[in-house]
Amino acid sequence: MKRTTLLSTGILLSFLFFSGITGCKKDNKEENPASASDSIVIPATTKIFTTEAWAGDFVSFDSASQAFVFNAGSTIVDNLAVGDIIVSTYGQGFLRKVTQISTSGGKRTVTTVPAALTEALSKGKLRINQALTYSKIKSVRTFVKGVSIKPSQSGKMPNDGIQVPINVVLYDGDGNLNTTEDQLTLDGEFNMSPSINAYIDFQPFPPHVETLDISYTLSESLDLANTINLFSFSWDDEITLATLEFQPILVFVGALPVVIIPEVSLMAGANVDIQSNVTTSIEQHYNYTVGVKYESGNWSTYENTNKGFTFLPPTLTATANAQAYLKPELAFKFYGIVSPYLNAKLFGEIDADIQTTPWWALYAGLGVNVGVKAEIFGLSLDYEKEVLTIREKIAEAASNGSPGLPSNPSPANGSTNQPVTTALSWTCTDPDQDPLTFDLYFGTGNPPSLAQQGLTAAMWTPPSMAHNTTYFWYVKAHDNHNHSTDGDVWSFTTEDQTPGDPCNGVTQLTYQGQVYHTVEIGSQCWFRENLNYQTGTSWCYNGISANCAQYGRLYDFSTATSACPSGWHLASDNEWKTLEIFLGMSAIEADQTGYRGTDQGTQLKSGGATGFEALMGGTYNLGFYSDLGVKGYYWTSSNVTPTNSWARILDVSGPAIGRYESLSQNGFSVRCLKN
């Protein structure tokens, strides 16, 4: 017959020792002697089985009927009777009371119900003093991306502490983790070093717990950055980040083994009601001891705390009430059943309202609950209480002031010879670090008129500026508290025009597959090349495409008036006069016909000072081509009669510009002018 290891009452009475808590020793237990005044009484009905003995005969456990099934020849069952209390370290350990023993189908079944320690131990004292360190973690389960468990390396935790780096998206509105426009994120680091200290005094007549005193000591450090990239949103929820299961703690009261398995679950959550984006960071450190005590039928709690806070001022633009938190929950399973537990909520909170003073306040806090599910100790009442509550204001906004005076203008105030493409910039700060927007006033008058509102950057580029012109400008700064500051009026003068320069902002464009460059002459922006776009009634000189490529096409008047690209047009007779007068021709001369002026034609011809580069493209008249390389004929958009229109003629051998009427059916060159 196989021998089953069973420790009965007689043997139990010979034990006058309390064993200690499991450490990292090979046999997973450590013994400490009890005082001489301690005594232990274990009823004869308490039957203790070693793991090896139990595993030898055990077949299965039916959770529905709470019955153990053994082999038919099991000597374990031979030693059991209805009413016995079974205790074993097998698995997570168990503590159960036998209610029925039966044999069927070659198997023996022991039906049980949960038992209390007061049924297994009439008299004795249970002591626990255990630190939960990183090296004692048995298994880790993580439930979200961005969470890991490692030994604490920050120097904030003593004795092999536990570090939890966190980079978690708590909420993502569109389900796209690659965008942040509608996310609530936590980013930081949590460190902890928990331990438990328990004392339980079991007394007989009737068997009961006289004293139960369980305390938790935790060192915790949370450095948490909370970013809420949302607008006008409310959300309240929490998620489980990870669960840590520690190696079993095995405590002996005499020969009675008590199996305890610690677990830590980490939750994170937020309560959010905001009308803006919020970013802030709080670092908080706590060292505290909290406890729950039961003595002679009465419950009580106690606590002792040290704390410290640092923070990063929040960035936000409007109303916000947001709390982000990390909540570690520490539970101790006696024989697989949760009994004493603790949960601690460490939080950072922002409370902001732009209508109040101060308009924002930053809080840090901690709330700790402890409890005991007391059935395992023979007490019918479960007990839970909030032992520790901390909510401290760690920062608040000062009285809000107006934005500072805009300064450091670029170009510098009063500067000259500035490019017509100059961008404007300035500096402006706010005493409360409020976000600023700017209105830009700009023009040739003093004071200048509003040109742009709501700029978020301290810079602006005018759409166009003229040469040799003085401009005035100033900036008005606004914060998000309805405060504003007007800057001083500044001025600068643009540079003189350099002949041949391209137009401001439009150096070239592509039209119908061909690139055209621009030239600025006075206040006008012209094509630098003759138009070469095949449309309507138009010709290449002598029908040769190479002539079109070099000199552009020749158009009749009707086609010429609509041939330029959008935003450009065929210059009118008066617009040609404006060009000629800018080049030095008198207004009286400009109104005359025939060749007028002095050297204005030379300035416009190829190699001339203006960069206009007029070409001698010749003409087409009733089937005849003439004057290629000798004269350049250019249409204006102005009619003289229904059959005649104004044109300009440049001659390779003369310096002036001709103004003539011409039959609208003739083929002349086209130069486009910007609208």
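Let's start with a pocket. A pocket here is an open set of points on a 1 Å grid over the protein atoms alone, with protein on both sides within 12 Å along at least five of seven lines.

A quick word on the source. This is a predicted model, where local features need pLDDT of at least 70 and side-chain atom pairs count only at pLDDT 80 or more, while totals for chains, interfaces and linings use all residues. Residues are numbered from 1 along each chain as its sequence is written, and side-chain values use heavy atoms, with hydrogens and water left out.

Back to the pocket. Which residues lie nearest the centre of the second largest pocket? They are Glu520, Gly522, Ser523, Gln524 and Cys525, out of 17 lining residues. Lining means having an atom within 4 Å of a point. Strand 36 and strand 46 each supply at least two residues of that lining. Strands are DSSP runs of E, at least two residues; helices are runs of H or I, at least four; both are numbered from the N terminus.

How many does the structure hold? Three. The criterion is a pair of cysteine sulfur atoms within 2.5 Å. Counting bonded cysteines along the chain, the pattern is 1-2, 3-4, 5-6.

Take Cys503 and Cys525. Their sulfur atoms are 1.9 Å apart. The torsion about the S-S bond is about 110°, so this disulfide is right-handed. Cys503 sits in the loop between strand 33 (490–494) and strand 34 (508–511), and Cys525 in strand 36 (residues 524–527), so the pair ties together parts 22 residues apart in sequence. Both Cys503 and Cys525 are buried. Buried means under 20% relative accessible area, exposed means over 50%, and partly exposed is in between, using a 1.4 Å probe and protein chains only.

Next, Cys540 and Cys548. Here the S to S distance is 1.8 Å. The torsion is about -115°, so the disulfide of Cys540 and Cys548 is left-handed. Cys540 is buried at 11% relative accessibility. Cys548 is buried too, at 3%.

Then Cys564 and Cys672, with S to S 2.1 Å. This link is left-handed, with -95° about the S-S bond. The pair joins distant parts of the chain, 108 residues apart. Cys564 is in the loop between helix 6 (557–560) and strand 39 (568–570), and Cys672 is in strand 46 (residues 672–674). Cys564 is buried at 12%. Cys672 is buried at 0%.

Now the cores. A nonpolar core is a set of buried Ala, Val, Leu, Ile, Met, Phe, Trp, Tyr and Cys residues joined through side-chain atoms within 4.5 Å. The largest has 98 residues. Which members touch the most others? Tyr216, Phe334 and Phe377. Strand 18 (residues 256–274) gives the most to this core, with ten residues. Apart from it lies another core, of 22 residues, Cys503 among them, along with Phe557, Ala563 and Leu570.

Look at Phe377. Leaving out residues up to four places away in sequence, Phe377 touches Ala116, Leu117, Thr118, Ile200, Phe202, Val209, Leu212, Phe334, Ser339 and Val372. Contact means heavy atoms within 4.5 Å.

Two strands pair if DSSP finds at least two bridges between them. Strand 27 (residues 424–427) and strand 30 have two bridges. Leu424 stands opposite Trp460.

There is also a hairpin. Strand 5 (residues 58–62) and strand 6 (residues 67–71) pair antiparallel over four bridges. Phe61 stands opposite Phe68. Four residues lie between the two strands, and Gln66 in the turn has a positive phi of about 55°.

Last stop: Gly297. This glycine is in the loop between strand 19 (278–295) and strand 20 (298–316). Gly297 is partly exposed, at 44%. Its C-alpha atom is separated by 34 Å from that of Thr243, 54 residues apart along the chain.

Terms used
1 Å grid on protein atoms, 1.4 Å probe; cavity = no way out; pocket = protein on both sides within 12 Å on 5 of 7 lines; lining within 4 Å.
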